[in-house]
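Hello,

Here is the structure you asked for. Please open it first, then read my notes below.

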Amino acid sequence: MEMIRALPVGRAANLSAVLVLLLMANGGLAVFLTGGLVSLGIDSISLGGSLLYGIAVGSAGMIFGTVTLVAGQLFGSTVGTLGWSFAFLGLSYLLRAIGDVGDLFLTWCSPLGWLLETRVFVQNIWWPLLPAAGWIVLVAWLGFRLNASRDIGSGLIPAKAGRERGSRWLTGPFGLMLRIQRTSLISWAIGMLLLGVSYGSVFGDLEAFLSGNEELAAMLPDASGHSLTEQFMTLMMIVIAVLGTIPPLLFLHKVRSEEKKGTLEHLLAGPVSRMRVLWQYVLISILWGGLVILLAIVGLWASASMVMEEPIPLANMIASGMVYLPAQWCMLAVSTFFIGVRPRLLIFTWGYLVYSFLVVYLGGMLDLPEMVNRLTPFGYIPRLPVESFEAGPFLLICAFAILFMVVGAWGYRKRDLQG
């Protein structure tokens, strides 16, 4: 940035470029959504409603984009900027959720509440976009004003001085890994808890909603003797399990990113072996993956219990969600394999996770062949309590995960760093 600023450009050139990119990205998203909805050819999806929906989604991107713009001026680090931005997003969602079931005033205290008041495809109310537009202009202006008052490379809020002595946790790679990823771990924990709360809030009127929705009913497993709420719960557990796989994968992939940045060499230069570093990353990822799924389940149960006359027991929800842990371990094993054997192919793990979600979540509605479902570890997991548990596939997935982790660790020990 100093090299660019040394040229004949204005002080606000970088922020102007960021704002233009925000407008292009969210404007393009609005156009894409509008055209996609209109192309469906459904009578109830009008052009006006589609346009309002696209603008509302694009406005949401601009609202939180400008918030991040301001956070970038307040904090001197990426961690602080992202942490504050995601905290604001979580607070906005929480205010809207509480306001929807209680005090409407809290809904209007959240930017997300303004956009939902457009009531797209029901009433198509346009005026709630006015406060959203005012927010975007005002917060963007604030970002430019703050940018003019700070030095390059530092934020307006001074960073706290570090401790004179490091904690005992930092004497080994285990504590160091947790410390470096602390902000990310806390953010994902809060996010998964809120995800569960949001899903649980719809369980109150679920029976009436599902009975008249043929598309959603096609996605549910065929089960006699089980309520629609239990069947819907199994569908939500798939979403929670797949989304709950993202945080541990991100943590495990830090092995590769730290390796590419060269910071891992400082750790390995001491009396620490590669195998110890890799296995501790794997261990933390496994424990972290189970914890975020558990947090989402607890949030789901707590929220559902408040709106249901006969709540589903917490033990049943935990069993229905935690049964997906072996599938999560398989995804971590695939990443470990790529890290050790072909690190440049690590990005394909994300494609495999997206494929798994589409197949398992939409397989029933799309009537996909069983063979397609068996190409992902999530396809071997029973949907408890609707389907019965079988130990065979469970043990097979665990054996697959162990094998790929061992092969990946062997490859990581043999290959060159940044290979």
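A charge sits over a ring if NZ of Lys or CZ of Arg is within 6 Å of the ring centre and within 35 degrees of the ring normal. Arginine 374 gives one case: its charged end sits over the ring of tyrosine 380, 4.8 Å from the centre. Arginine 274 gives another, with its charged end over the ring of tyrosine 412, 6.0 Å from the centre.

A word on the source. This is a predicted model: local features need pLDDT of at least 70, side-chain atom pairs count only at pLDDT 80 or more, and totals for chains, interfaces and linings use all residues. Residues are numbered from 1 along each chain as its sequence is written, and side-chain values use heavy atoms, with hydrogens and water left out.

**Aromatic pairs**

Rings of Phe, Tyr and Trp (its six-membered ring) pair if their centres lie within 6.5 Å; planes under 30 degrees apart count as stacked, over 60 as edge-to-face and the rest as tilted. The structure has 13 aromatic pairs. In one of them, phenylalanine 337 and phenylalanine 404 are tilted, at 5.1 Å centre to centre and 50° between the planes. This pair links distant parts of the chain. Phenylalanine 337 lies in helix 17 (residues 325-341) and phenylalanine 404 in helix 20 (residues 391-414), 67 residues apart. Helices here are DSSP runs (H or I, at least four residues), numbered from the N terminus.

How exposed is phenylalanine 337? It is partly exposed, with a relative accessible area of 23%. The cut-offs: buried means under 20% relative accessible area, exposed over 50%, partly exposed in between (1.4 Å probe, protein chains only). Phenylalanine 404 is also partly exposed, at 23%.

Why is the pair of tyrosine 352 and tyrosine 355 stacked? Their ring centres are 6.5 Å apart and their planes are at 15°, so the pair counts as stacked. Both tyrosines lie in helix 18 (residues 348-366), three residues apart, about one turn of the helix. An α-helix has 3.6 residues a turn, so residues three or four places apart point the same way.

There is also an aromatic cluster: Phe64, Trp84, Phe88, Trp114 and Trp135.

**Cysteines**

A disulfide is a pair of cysteine sulfur atoms within 2.5 Å. The structure holds zero disulfides. For cysteine 330, the nearest cysteine sulfur is that of cysteine 398, 7.5 Å away. Cysteine 330 is buried, at 3% relative accessibility. Cysteine 398 is buried too, at 16%.

**Cores**

A nonpolar core is a set of buried Ala, Val, Leu, Ile, Met, Phe, Trp, Tyr and Cys residues joined through side-chain atoms within 4.5 Å. The largest one has 61 residues. Phe203, Met237, Met317, Tyr324 and Phe378 touch the most other members. Helix 15 gives the most to this core, with twelve residues. A second, separate core of 18 residues includes Leu22, Ala56, Phe88 and Val120.

**Contacts**

Contact means heavy atoms within 4.5 Å. Methionine 317 touches several residues, including Phe203, Met233, Met237 and Trp301, not counting residues up to four places away in sequence. The buried residues of helix 8 (residues 173-180) are Pro173, Gly175 and Met177. They pack against helix 13, helix 14 (264-268) and helix 15 (274-307).

Lysine 254 is found in helix 13 (residues 246-261). Is lysine 254 buried or exposed? Lysine 254 is buried, with a relative accessible area of 19%.

Best wishes

How values were computed. Helix = DSSP H or I, 4+ residues; strand = E, 2+ residues; numbered from the N terminus.
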